[in-house]
Amino acid sequence: PLGPYPHARRVGNLLFLSGIGPRHPKTEQIPEGIEAQTRACIENVKAILEDAGSSLEKVVDVTVFLTNIDRDFAGYNRIYGEFFAAIGPTRTTVGVVALPIPISIELKVIAES
């Protein structure tokens, strides 16, 4: 995290993930392009969930923040579907002016633990 907060917090049988971006956890590199950033975000979410004893299959809600929704929605939606179409979590996509670091996408996730 970029601030004084955890990646995830368990409340009852739910895990609430803070906004998760595409930065690689070891190298801190940010991939180029919305499809690569979307894939990296989801892989980061997956790692956090698995570390907490959960999985992508237990995701129930996703809020997606895009810094250029007009340009990036189709590419992000295509990659998102590869991971979540069969799972079917609820989803909200929001266009934002900027995120705390120069990334195009961030995911806020709620999952069952």
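A residue is called partly exposed when its relative accessible area lies between the limit for buried, under 20%, and the limit for exposed, over 50%. Glu-35, with a relative accessible area of 33%, is therefore partly exposed. The model discussed here is predicted.

- Because Glu-35 belongs to helix α1 and Arg-78 to helix α2 (residues 69-84), the pair ties together parts that are 43 residues apart in sequence.
- Arg-78 has a relative accessibility of 49%, so it counts as partly exposed.
- A salt bridge also joins Arg-39 and Glu-82, whose closest N and O atoms are 3.1 Å apart. This pair links distant parts of the chain, with Arg-39 in helix α1 and Glu-82 in helix α2, 43 residues apart.
- Arg-39 is partly exposed because its relative accessible area is 33%, whereas Glu-82, at 51% relative accessibility, counts as exposed.

**The salt bridge of Arg-71 and Asp-72**

- The side chains of Arg-71 and Asp-72 form a salt bridge with an N to O distance of 2.7 Å.
- Arg-71 counts as exposed, because its relative accessibility is 53%.

**Thr-38 in helix α1**

- Thr-38 is found in helix α1, which covers residues 34-51.
- A polar atom of the Thr-38 side chain lies 2.7 Å from the backbone oxygen of Ile-34.
- Which residues does Thr-38 contact, leaving aside its neighbours within four places in sequence? They are Tyr-76, Ile-79, Tyr-80 and Ile-105.

**Glu-28 in a loop**

- Glu-28 is located in the loop between β2 (14-20) and α1.
- For context, most residues other than glycine have a negative phi.
- Glu-28 counts as exposed because its relative accessible area is 52%, and the limit for that term is over 50%.

Technical notes:
Residues are numbered from 1 along each chain as its sequence is written. This is a predicted model: local features need pLDDT of at least 70, side-chain atom pairs count only at pLDDT 80 or more; totals for chains, interfaces and linings use all residues. Side-chain values use heavy atoms; hydrogens and water are left out. Helices (H or I, at least four residues) and strands (E, at least two) are DSSP runs, numbered from the N terminus. A polar contact is a pair of N or O atoms within 3.5 Å; within protein, one must be able to donate a hydrogen and the other to accept it, and residues adjacent in sequence count only if both atoms are side-chain atoms. Contact means heavy atoms within 4.5 Å. Buried means under 20% relative accessible area, exposed over 50%, partly exposed in between (1.4 Å probe, protein chains only). A salt bridge is a side-chain nitrogen of Lys or Arg within 4 Å of a carboxyl oxygen of Asp or Glu.
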